[in-house]
Amino acid sequence: MITKTLLRAFDGKAIWVVAILIAIAVAVPASNLYLPVGHPLRVPNHFVPLLGKYLTYAMLALALDLVWGYCGILSLGHGAFFAFGGYAMGMYLMRQIGDRGVYANPVLPDFMVFLNYQELPWFWYGFDMFWFAAIMVVLVPGVLAFVFGWFAFRSRVTGVYLSIITQAMTYALLLAFFRNDMGFGGNNGLTDFKDILGAPLQAGSTRAALFAASAIALALSFIVCSAIVRSKLGKVLVAVRDAESRTRFLGYRVDNYKLFAFTASAVIAGIAGALYVPQVGIINPGEFAPANSIEIVIWTAVGGRGTLIGPIVGAVLVNAGKSWFTGVFPEFWLFALGGLFVAVTLFLPKGIVGALAQGWTALKAQRVSAQAEDGSDAAPEPSPAE
Amino acid sequence: MHPTRLISKLLIALALLIAVAPGAFAQDVESLVSALPEGDYSDREKVIFDLAATGDERVAGLLNALGEGDLYVREEDGRVIVGKRSGRNYTLTDALTGEELGTAPSSALEKIRVNNRLRRAVRSAIGQLTLMSPSPSVRLRAARSLLRNADPDSLELLDTALAAETDPQVKTMMETARAGIIVKTDAGIEEKVAAIDLLAARGDREALAMLTGARSSAAPELQPVIERGIAGIERELAMWDGLQNVWYGLSLGSVLLLAAIGLAITFGVMGVINMAHGEIVMLGAYTTFAVQQVIRTSFPGLFDYSLAIALPLAFLVTALVGIAIERGIIRWLYGRPLETLLATWGLSLILQQTVRTIFGPNNREVGNPSWMSGAFDLAGLSITWNRLWIIVFALVVFAVLLAVLNRTPLGLQMRAVTQNRRMASSMGIRTPWVDAMTFGLGSGIAGMAGVALSQIDNVSPNLGQSYIIDSFMVVVFGGVGNLWGTLVGALTLGVANKFLEPYAGAVLAKIFILVFIILFIQRRPRGLFALKGRAVDA
């Protein structure tokens with residue numbers, strides 16, 4: 001049955017998206033590794049982790065879209081799930097440093113030696129093993145989202161209130177992770193990573209592999225989201241988004257549907273965070289900042305919420321714009337970002353992809369009506385259900 | 001008997017005589033000062049007493065300098081001066097008048113030497129000058145410094161002064177100082193018990209320190225008395241600490257109230273999520289800065305009125321900005337609260353960057369007018385004027401707003417539109433106009449909050465961001481659409497925060513509060529004072 005659900009994800013445009021993502025996963029690393037330096041088609045070294053970062057952001061935006069675009073839950077705390085995934089990966093990478101740190105302590109990471117820790121805190125146990133860290137990447141954001149969502153949805157906290165308490169959650173976590181006594185490196189976070197699974201992080205091949213992994217992870221999450229959205233469950237999610245009370249009166253357990261979407265979304269966000277950290281080389285409490293979480297929302301909104309391609313396009317576009325702006329006109333980036341928020345909500349409520357799709361449908365309808373006026377008896381195509 | 005004590009007794013007798021017949025024995029101060037460097041130590045001691053006997057207020061400073069070893073004779077003219085070392089040279093001032101006399105190398109000066117006996121003489125002479133001064137405030141200060149030093153040598157001097165004292169406040173202070181000295185001396189048990197009781201009755205930190213200091217050396221039969229006194233003081237101090245915490249909490253609560261009250265209008269009454277609210281507060285603070293800049297450069301005499309000028313201006317500026325925001329952006333987004341949230345967030349980024357571009361990224365200095373600086377003691381509490389004024393201001397704003405909502409036509413229309421927009425429109429209320437006015441009112445109040453916050457917080461482009469989450473917490477906790485809820489919510493959160501701080505630290509206290517609010521909203525999704533309604537989807 002699961003296979004059937006997954007297969008259903010592959011009809012229509014989805015197969016193209018997956019194909020393109022896989023092509024990118026192969027082409028970018030290959031061009032970086034095998035084309036000679038200076039070749040016009042070669043992706044420069046510093047571009048590989050940058051593009052990889054965009055892909056993890058795209059995954060994060062996709063995760064947010066699943067709850068916001070399809071279930072109507074505007075989470076202003078998705079950065080927290082991303083950061084938890086990142087911290088879990090960061091802890092693994094810290095333990096991998098071993099005795100190569102500044103203080104050469106074989107067990108304790110540098111910051112713990114610096115803060116006079118005598119032994120490893122209990123929650124750092126097991127992070128020297130990759131499989132354990134990988135489980136935690138999924139488990140920690142998932143459990144947090146499950147517990148938080150279970151309380152929130154059961155008491156029917158909805159709309160703006162939910163947005164505000166998710167923001168409060170990530171703000172509280174931000175303050176907590178800034179504390180040195182938390183045992184997560186405080187203000188400086190975790191950094192100075194050396195290698196992952198034995199491969200040095202600075203090496204071109206490792207970076208290429210991480211990029212490919214990000215692209216494939218994005219493709220996989222796209223398939224999963226697509227499957228969820230196209231299943232019967234996905235239809236109920238849309239119903240919850242559009243008329244929550246009516247759905248409840250029809251006999252659906254709205255809370256459970258929302259909880260499922262929220263938890264699944266948090267897990268995807270956590271995986272994105274785990275892929276982000278080795279490519280960027282640092283994770284610090286700044287990732288918990290409420291402003292970061294709101295920025296994720298704007299990626300999704302720009303691309304088009306309620307479509308699965310939209311958030312991917314939006315995240316890549318906005319972040320590419322950010323990289324370009326902060327390089328060329330650093331003081332204007334906030335103007336541009338702020339203007340984007342205002343303009344998109346006012347003029348492009350469906351985002352770029354939504355607007356394009358709308359334009360396409362309108363064009364088709366025009367052609368059909370033109371044909372009808374010509375007297376030809378072409379049957380009008382049923383418009384897509386969106 | 002120690003010779004100094006004998007001398008100081010004589011001295012006091014002399015001083016009393018002078019008090020009876022002022023000027024009778026007074027020698028010329030200047031000639032006494034010039035006689036100071038001459039002769040040996042005993043001659044000098046005599047001059048010191050003569051100087052003290054003049055009762056001249058200027059002498060206290062001179063004697064102080066002598067005791068510190070800062071008194072010199074200038075070799076060229078034999079003038080007595082105070083020299084403070086600065087680098088290689090000495091900065092000179094006249095010993096009596098304090099007149100600046102430039103600098104000189106050490107070779108041009110000769111130090112007026114003092115030994116321990118002279119130092120004691122100087123100390124008692126100063127004490128006599130100050131403790132017997134005609135001005136009660138000088139006497140009070142002298143008694144307080146005696147309380148701190150608790151020098152057993154000053155006991156007799158103090159007794160004499162106490163006998164002559166008439167001012168009750170000074171007298172109490174002197175008695176306490178005397179008790180502090182008695183505990184240290186080898187006086188009789190009864191006398192010591194009385195002294196300890198007196199100290200315990202005073203009940204402040206100084207008394208606690210004195211008693212704790214005396215505990216180690218006290219006789220065994222005194223121990224329980226001291227223990228009891230210490231326990232009593234600690235109990236009283238704990239109570240005052242609690243009150244001080246309440247005060248700090250109220251102060252924080254009033255700041256929260258100010259920041260949140262504008263939001264209570266725009267979010268609570270209109271249902272508009274205005275994420276740019278903090279930036280409007282910031283605009284108010286920058287208006288204050290601009291007003292003060294103009295006053296500093298053009299009308300320095302008006303500085304004490306700067307806040308009174310800034311308040312209406314800030315209201316006007318921010319209200320206009322608010323109306324522009326409502327007309328330009330928010331009115332297109334009614335009924336889509338989440339989109340409003342995003343658009344106003346974008347607006348907040350633009351406003352921040354605008355202010356950063358115009359005024360620069362650093363903190364701007366906004367001064368306190370004289371009536372807002374300083375502090376006063378109320379019983380055991382130390383209360384700063386600016387905090388007090390802000391509490392008063394927050395309550396006044398709250399009361400005015402309540403009156404506007406409940407007693408004016410605009411308030412009536414605002415409530416009507418909130419409760420049933422279509423019905424209100426059918427009754428002839430121009431709902432778009434009311435929307436714009438409501439938003440303008442909420443923003444204007446946020447701007448006035450900015451004027452107040454500029455007095456206690458850094459005025460920087462990030463000012464608003466630090467308040468926005470707290471403000472939302474207050475409004476949501478208090479209950480949306482209810483001003484009283486906002487008041488109770490702000491004060492509760494403020495006091496709770498300050499009570500948690502001593503146990504958990506500032507950051508953990510804040511985290512606890514956030515977690516508490518998250519859990520609280522689960523229990524009561526509509527806040528402390530929810531509006532009752534029957535609609536399924538609010």
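This is a predicted model: local features need pLDDT of at least 70, side-chain atom pairs count only at pLDDT 80 or more; totals for chains, interfaces and linings use all residues.
Entry 1, conventions. I number residues from 1 along each chain as its sequence is written, letter chains from A and number ligands from 1 in the order in which they are written. Local features need pLDDT of at least 70 and side-chain atom pairs count only at pLDDT 80 or more, while totals for chains, interfaces and linings use all residues.

I looked up helix H8 (residues 204-230) and helix H11 (residues 254-280) of chain A, which pack at an angle of about 170 degrees with axes 10 Å apart. Helices are DSSP runs of H or I, at least four residues, numbered from the N terminus. Axes are lines fitted to C-alpha atoms over the stretch in contact, and angles run from 0 to 180 degrees between N-to-C directions. H8(A) is therefore roughly antiparallel to H11(A) (angles over 145 degrees). I listed the residues that meet: among them A:Leu210 and A:Ile228 in H8(A), and A:Ala264 and A:Gln279 in H11(A). The residues of this contact are nine nonpolar, three polar and no charged. Nonpolar covers Ala, Val, Leu, Ile, Met, Phe, Trp, Tyr, Cys and Pro; charged covers Asp, Glu, Lys and Arg; the others, Gly among them, are polar.

I found 39 residues from chain A and 35 residues from chain B in the contact (C-beta atoms, placed from the backbone, within 7 Å). On the chain A side, H7(A) gives the largest share, 14 residues. That side has 28 nonpolar, eight polar and three charged residues.

Technical notes. Helices (H or I, at least four residues) and strands (E, at least two) are DSSP runs, numbered from the N terminus. Angles under 35 degrees count as roughly parallel, over 145 as roughly antiparallel, 65 to 115 as roughly perpendicular and the rest as oblique. Two residues are in contact if their C-beta atoms, placed from the backbone, lie within 7 Å.
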